[in-house]
Amino acid sequence: MTQIAPTLFESAERLDAFRGDRTYLGADHRRNERRTWIVTAICAVTLAAQLGGGLVFRSMALTANGLHMAAHVAVLLVAAGAYGLARRHAQDPRFAFGTGKLGYLAGFANAVVLGMTAVLIAVESFKRLLAPEAVDYDAALALAAAGLAVTLICVWLLRPQTRNHDLNLSAAHLHLSADALVGVLAIAGLAAGRSFGWTWADPMAGLAGAALVAQFALSLVRKAAAALLDMNPSAELTAEIRARLQAGGERVLDLHLWRLGPGHHAAVAVVSADHPLGAEAYHARLKGLSGLSHVTVEVRGPGQAHDHAGHSHV
Ligand SMILES: [Zn+2]
């Protein structure tokens, strides 16, 4: 640790509208947590039915579907667990900026799982394409339809309520939506196989589904990584903050904006002016900006403005 110049102490003021409150959880946190548990329960019951049916009917297809459902239970447990942890540790001072990003960590993990699902579907489809197997179309169609029905109920339950970008929920929702799409493609492929004897239709549908799922997974990974790595979440919000801070002819020497959680952002700014106001005044200018939950402003008077932004990076 290096020493901070005394002048910096005098000119810097840390202002926090929510001083003492470190809760940066999404507005729908409770609702999303509850729904994730409900869907976890639905998937667990379906899993038990599929594995039980697989044993009773000695059906490989049912067992394979059950393995996929087991992956869902795991994905949903990660999501639900993240909601619970984030809530319990919301005020834990060990988290410098709260636990609002825990859901992004869970979302990242679940996006990676989704990507692996895409690879597995693609490999399986390729195998079937090269060496077609006899398919019991009626049984497979019934299974696919039942699976699709359960998946659609889960998709509906997990639908996001507000445009809050709760990535934890999005990851689980997107996974099940992708499965619904794959299910529709599979039904189309199986129907074509049964009606026209096109054995390639089912695996081709699988490949198309895998490509879609991979696309979903990649976009999720990128979004989660952007939040976890503190990439600037909004050019518009950044521009608005800059404009407000400079409203009296000031200069913004440095400005950082990053995400704290769903619908929560933090900003750190260094403002320089010939006749500087108190930090409170700059803080007040930023009041009411939607999504701005934590603000720190450092104010510099004449002679304190350096061209470089090496303000407090001591
Ligand atoms: Zn799945």
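A: A residue is buried if 20 or more other C-beta atoms lie within 10 Å of its own, exposed if 12 or fewer, and partly exposed in between, with C-beta atoms placed from the backbone. In soluble globular proteins, nonpolar side chains tend to be buried together.

Two points of method belong here. The model is predicted: local features need pLDDT of at least 70, side-chain atom pairs count only at pLDDT 80 or more, and totals for chains, interfaces and linings use all residues. Residues are numbered from 1 along each chain as its sequence is written.

Two residues are in contact if their C-beta atoms, placed from the backbone, lie within 7 Å. Setting aside neighbours within four places in sequence, A79 touches T36, A106, N110, N168, A171 and A172.

Helix 6 comprises residues 167-196. Helices (H or I, at least four residues) and strands (E, at least two) are DSSP runs, numbered from the N terminus. The expected span of a helix is 1.5 Å times one less than its number of residues. The 30 residues of helix 6 should therefore span 44 Å, and its end C-alpha atoms, 42 Å apart, agree with this. After helix 6 comes G197, which has a positive phi, near 70 degrees.

Within the chain as a whole, there are nine helices and four strands. Of its 314 residues, 37% count as buried. Among contacts between residues at least 6 apart in sequence, 74% join residues at least 24 apart.

Strand 4 (residues 292-300) is largely enclosed by the rest of the structure, because eight of its nine residues are buried. Strand 3 (residues 264-272) runs parallel to strand 4, and eight bridges join them; two strands pair if DSSP finds at least two bridges between them. In this pairing, V270 stands opposite E298.
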